[in-house]
Amino acid sequence: MNAIRRLCLVLGDQLSFDLACLQGLDAERDRVLLVEVMEEASHVPHHPQKIVLIFSAMRHFAEELRQQGFQVQYVTLDDPQNTGSVPGELQRWQAQTRAEEVHVTECGDWRLEQSMKDCGLPIEWHADSRFLCSRDEFAAWAKDKKQLRMEFFYREMRRKSRLLLNDDGTPVGGAWNFDADNRKALPKGVKAPYPARFSADTITREVIALVKERFASHYGAVDNFDYPVTHAEAQELWAYFLDYALAGFGDYQDAMASNEPFLFHARISAALNIGLLDLRQVCSDVESAYWSGSVPLNAAEGFIRQLIGWREYVRGVYWLKMPEYANGNVFGNSRALPEFYWTADTKMNCMRQAIGQSLEFAYAHHIQRLMVTGNFALLAGIAPSEICEWYLAIYMDAFDWVELPNTLGMVMHADGGYLGSKPYCASGQYIKRMSNYCGDCAYKVTESTADNACPFNSLYWHFLMRHGDVLRGNQRMGMLYKNLDRMTEAKQQALWQRGQMLLAKLDAGEAL
Ligand code: FAD
Ligand code: SF4
């Protein structure tokens with residue numbers, strides 16, 4: 001084999017034609033390398049649909065690169081020579097091609113990036129320009145700040161991108177944030193559109209067969225895989241959302257409903273995270289929809305805030321704070337993750353719905369993740385490492401840079417409040433207000449200490465009581481502690497006892 005000039009590695013979440021390390025490639029002298037490896041597919045028990053998505057999208061991307069004239073080296077999972085790890089494959093192909101240069105774009109996972117940095121190859125690293133805010137830019141913004149706040153970062157990103165700004169630089173509508181207008185429950189009779197679905201082609205069917213054989217022990221359904229695996233399909237999914245659901249996203253962003261897995265959500269996160277959609281284009285489409293009058297401001301601003309606010313913010317925090325960030329455990333939690341997170345076998349209807357659809361579609365929307373499965377893990381004192389592993393495994397869109405800060409920081413408050421100013425703890429009342437789950441539940445949301453009382457209620461007060469030392473000093477928790485202090489001693493005792501009993505059940509491996 002003739003020596004080549006540049007070997008350019010493209011990872012499974014880097015399937016963008018404008019990826020930094022793909023620029024300036026020479027079709028004759030350079031080669032693109034894509035590798036399916038066991039280490040990445042199994043370091044946590046990823047949902048089978050997530051593995052299907054990544055391998056199928058990689059195979060389609062490799063085909064498209066070949067059609068554009070690139071030389072592509074593609075290593076399949078079942079290649080007998082496959083070393084099983086990304087650094088192993090990089091070393092193998094550098095040796096075989098005698099490449100003069102090895103080029104890689106920044107990874108989405110600290111562990112993987114570190115393993116490549118440690119593998120002894122002189123890699124030329126490229127910044128991941130698919131994000132609006134680079135790692136360095138975020139570090140400069142965060143410098144000397146004791147506590148970070150997403151809201152202020154978001155305003156910077158609005159100014160930088162000039163999205164939804166008036167000519168004088170002020171925000172359209174007179175405010176930066178219309179969060180308060182994003183919190184309606186779903187009224188009876190309002191039906192959400194089912195998102196566009198995509199049927200499996202030959203490549204995807206082959207990958208499904210491979211995944212069924214090699215990852216049979218992983219939790220989650222695989223046969224109903226209907227997700228986009230090419231840029232063109234992802235664009236269709238996106239166009240469908242713009243036409244049919246974005247307008248409703250504004251009002252119903254935080255709503256939940258039984259047997260409504262997607263509501264008015266875009267379901268684009270996985271496509272965006274692996275590079276099938278482009279952040280800047282998505283934001284500009286949303287802004288255009290607003291200017292054209294087809295969607296209200298609370299929808300356009302709310303959607304753009306999630307993307308250039310939260311999504312960029314959590315990535316910034318991740319790269320600023322890793323690897324120590326992953327060890328955060330400010331409440332000292334050690335409880336094992338209950339088995340029902342993997343089976344949905346629980347009498348709590350909200351949990352059954354959120355976990356059930358996660359197993360079925362590798363998807364739950366934000367409020368289900370934050371206020372149902374996440375809230376329960378927070379109140380029940382689950383070990384952060386266990387709940388983080390679950391989120392990383394179960395969702396199609398889960399990559400370490402986005403999953404870890406959302407779970408460990410936003411949900412579990414395990415970073416001591418670095419990412420968010422207070423824990424998003426809530427009783428069953430919040431779930432009742434934002435969903436129709438409680439009507440079909442074996443538990444009673446109006447009860448706190450009775451035998452059939454909603455577990456979220458007593459666990460919520462138990463959480464506040466057991467972590468008063470950490471949380472009482474937090475101004476934003478003041479009202480909650482005032483409510484607790486107003487209760488009679490007997491009421492507090494009863495809540496504590498019920499909370500203790502529920503936690504003991506979890507410790508004994510019983511489902512609730
Ligand atoms: P929509 O509700 O339609 O929102 C639009 C887009 O905004 C999303 O596609 C996503 O790209 C972005 N977005 C919204 N909120 C966030 C956020 N908090 N962080 C980053 N991006 C955001 N998102 C992931 O992409 N991967 C994850 O692994 C992930 N883990 C999460 C874990 C927990 C505990 C929580 C609370 C949230 C997590 N999120 C994660 C954020 C959010 O839940 C998903 O991005 C969203 O549900 C994806 O569905 P959608 O495309 O229909 O989003
Ligand atoms: Fe969930 Fe409690 Fe409502 Fe049941 S009663 S659905 S457990 S919030």
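Colleague: Where is the place of His47?

Modeller: This is a predicted model, in which local features need pLDDT of at least 70, side-chain atom pairs count only at pLDDT 80 or more, and totals for chains, interfaces and linings use all residues. Residues are numbered from 1 along each chain as its sequence is written, chains are lettered from A and ligands numbered from 1 in the order in which they are written, and side-chain values use heavy atoms, with hydrogens and water left out. Helices are DSSP runs of H or I with at least four residues, strands are runs of E with at least two, and both are numbered from the N terminus. His47 has its place in the loop between helix H1 (38-42) and helix H2 (48-67).

Colleague: Is His47 buried or exposed?

Modeller: Contact means heavy atoms within 4.5 Å, and, not counting residues up to four places away in sequence, His47 touches Tyr219, Gly220, Ala221, Ser358, Leu359, Ala362, Ala393 and Ile394. The term buried means under 20% relative accessible area, exposed means over 50%, and partly exposed lies in between (1.4 Å probe, protein chains only). Because its relative accessible area is 0%, His47 is buried.

Colleague: Which residues is Ile387 in contact with, leaving aside its neighbours within four places in sequence?

Modeller: Ile387 is found in helix H16 (residues 384-394), and its relative accessibility of 0% means that it counts as buried. Ile387 and Tyr341 are 46 residues apart in sequence, while their C-alpha atoms are 9.2 Å apart in space. With neighbours within four places set aside, the contacts of Ile387 are Leu337, Tyr341, Ala377, Ile382, Thr407 and Met412.

Colleague: Why is helix H17 (residues 400-411) largely enclosed by the rest of the structure?

Modeller: The buried residues of H17 include Trp401, Val402, Leu404, Leu408 and Val411. They pack against helix H10 (269-274), helix H12 (297-321), helix H15 (366-380) and H16. H17 is largely enclosed because its buried residues number eleven of the twelve.

Colleague: What is the phi of the residue that follows H17?

Modeller: The residue after H17 is His413. Its phi is positive, with a value near 55°.

Colleague: How are H6 and H12 directed relative to each other?

Modeller: Axes are lines fitted to C-alpha atoms, for helices over the stretch in contact, and angles run from 0 to 180 degrees between N-to-C directions. The axes of helix H6 (residues 150-161) and H12 come within 9 Å and cross at roughly 110°. Angles under 35 degrees count as roughly parallel, over 145 as roughly antiparallel, 65 to 115 as roughly perpendicular, and the rest as oblique. H6 and H12 are therefore roughly perpendicular.

Colleague: How many nonpolar, polar and charged residues has the contact of H6 with H12?

Modeller: The contact includes Phe153, Met157 and Arg158 of H6, together with Ile304, Arg305 and Trp310 of H12. Ala, Val, Leu, Ile, Met, Phe, Trp, Tyr, Cys and Pro count as nonpolar, Asp, Glu, Lys and Arg as charged, and the others, Gly among them, as polar. By class, the contact of H6 with H12 has eight nonpolar, two polar and four charged.

Colleague: Are H8 and H11 roughly parallel or roughly antiparallel?

Modeller: The axes of helix H8 (residues 231-244) and helix H11 (residues 279-291) cross at roughly 25° and come within 11 Å. This angle means that the relation of H8 to H11 is roughly parallel.

Colleague: How do the residues of the contact of H8 with H11 divide?

Modeller: Gln235, Trp238 and Leu242 in H8 meet Gln281, Val282, Asp285 and Val286 in H11. By class, the residues of this contact of H8 with H11 divide into four nonpolar, two polar and one charged.

Colleague: Which backbone oxygen does the side chain of Asn474 reach?

Modeller: Asn474 is found in the loop between helix H20 (468-471) and helix H21 (478-486), and its 18% relative accessibility means that it counts as buried. Not counting residues up to four places away in sequence, Asn474 touches Ser421 and Lys422. At 2.9 Å, its side chain reaches the backbone oxygen of Ser421.

Colleague: Is Asp144 buried or exposed?

Modeller: Asp144 lies in the loop between helix H5 (135-142) and H6, and its phi is positive, near 65°, in a residue other than glycine. Because its relative accessible area is 73%, Asp144 is exposed.

Colleague: What is omega for the peptide bond from Met322 to Pro323?

Modeller: Pro323 has its place in the loop between H12 and helix H13 (340-343). The peptide bond from Met322 to Pro323 is cis, with omega near 5°.

Methods. Polar contact = N/O pair within 3.5 Å; in protein donor to acceptor, adjacent residues only side chain to side chain.
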